[in-house]
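Work through the exercises below with the sequence and the model side by side. Try each task before reading its solution.

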Amino acid sequence: MMPKSKGFEFWKNTLRGARFVVAPMVDQSELAWRLLSRRHGAHLCYTPMLHAQVFVRDANYRKENLYCEVCPEDRPLIVQFCANDPEVFVEAALLAQDYCDAVDLNLGCPQMIAKRGHYGAFLQEEWDLLQRMIALANEKLSVPVTCKIRVFPEISKTVKYAQLLEKAGCQLLTVHGRTKEQKGPLVGVASWEHIQAVRKAVKIPVFANGNIQYLKDVERCIQKTGVQGVMSAEGNLHNPALFEGRNPVVWEVAEEYLDIVQQYPCPLSYVRAHLFKLWHHTLQVHQQLRDELAKVKTLEGLLAVNRELKLHCQEEIAHLKEEEKPKGGLPFFHWICQPYLRPGPKEMCNKIAPSRIEGTTRGKRALEEEEDGNSDSLSKNKQKKKLRNPNKSFDPSLKPKYAKCDQCGNPKGNKCVFNLCRGCCKKRAFRETADCPGHGLLFKTKHERSILWKSGQSHMENIKRTTQQGEVEEAMLLKEAINGVA
């Protein structure tokens, strides 16, 4: 086996000196979208974030997310996992390594699901664990291991963090220039100063992530930070031709994407989510199309909505006055692919927050986990639930506390004899030929019934043979008696 390439050799040869990178996005960087992005200038793509433990135990999950139809166009490719256990991470990576050019450890996800699952950016303080995970992966895998991180408020701590990952065996580092608190209404501006400091401090390639909406942002970021490549997530979702420096009309991009989906199918929910992003500005104008897009159930239906959207926009273009300018402060007319700029933190938050990213402040939901059930602090979805059921409370302290499975950390069954979740219980009960009435698993009972049934069948066969033998003897005696009379 040839030695695997490392560091800059890996970036130059295996990744072909990639500069324009499509980020790993949950349910949004699937094969069809990656192929669309590559057609429009992307040099490197990541898979959606995959859950290492699920990848190991679920063959269908592997097939749906990676073991699909081989596509030579979809390279170079990096598979990203979230994990918090060295053995599980490496086991998943070993199953994936033949289908990709590197395996990435997600240390950047700031969402509440990552906090509950104890992965992503919520591992960034556990340096000993991360060191063991990366070192073991670097030792066992035939492909390089890479990491995607978020920064700490302090530049110096961020630099030490990056150096620790490099020393453990990380061969390429992607730095998202926001802290884990900068999300949702607190997203703010990413700090290129942090990324620049990391780039100067490590001896491996670095990709930058954050503040990328146009091709000129990519060029400015590379010039400012000195990184080898720039990664885009939301910018790419709103305009997959970002890396070409083009802003095509939305229906043309949608047609091209839907054509690829017909060849490389994916769940309709993924497709719908992409169209909501592509059509974001147009749906503010033609709001009836939003309901149609939400209700449609087939790919043909999505194509029909796209044709309707195209007709509406072309009618607008036909009636456009010569000197008319885009509305709503947009740089282009709404039917042209362009970024959606999230509104920043509320004015009250800005009064408290410092000018830089240090000490980021709380937002509308008080960091989600501290919600008190007040309707003013609830999301729109929860407010709707509150209208349907006025007695419903979203106070986390009132939520039932679930005991965890001894093996995987998921909620265990209340009546499980092994103190496990159903998935782990099923495996153990099958392995030990045991019963778990709490989960309705009866491997032992069925095994005993099978033995009884087999023994019963054997007994019936003996009776049948005995009966047949007796009938033969009786027939012979009768024959002898007849002969004697004669």
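This is a predicted model: local features need pLDDT of at least 70, side-chain atom pairs count only at pLDDT 80 or more; totals for chains, interfaces and linings use all residues.

Residues are numbered from 1 along each chain as its sequence is written, and side-chain values use heavy atoms, leaving out hydrogens and water.

**Exercise 1.** Find which residues of the largest nonpolar core touch the most other members.

Solution. Start with the term: a nonpolar core is a set of buried Ala, Val, Leu, Ile, Met, Phe, Trp, Tyr and Cys residues joined through side-chain atoms within 4.5 Å. Buried means under 20% relative accessible area, exposed over 50%, and partly exposed in between (1.4 Å probe, protein chains only). The largest core has 110 residues, and Phe 81, Leu 165, Leu 173 and Trp 279 touch the most other members. Its largest share, eight residues, comes from helix 12 (residues 250-263); helices (H or I, at least four residues) and strands (E, at least two) are DSSP runs, numbered from the N terminus.

**Exercise 2.** Locate the cis peptide bond from Arg 75 to Pro 76, then describe phi at Asn 419.

Solution. First, the Arg 75 to Pro 76 bond has omega near 0°. Pro 76 sits in the loop between helix 4 (59-65) and strand 4 (77-82). Next, Asn 419 is not glycine, yet its phi is positive, near 60°. Asn 419 belongs to the loop between helix 18 (380-388) and helix 19 (422-432). Finally, Asn 419 counts as partly exposed because its relative accessibility is 34%.
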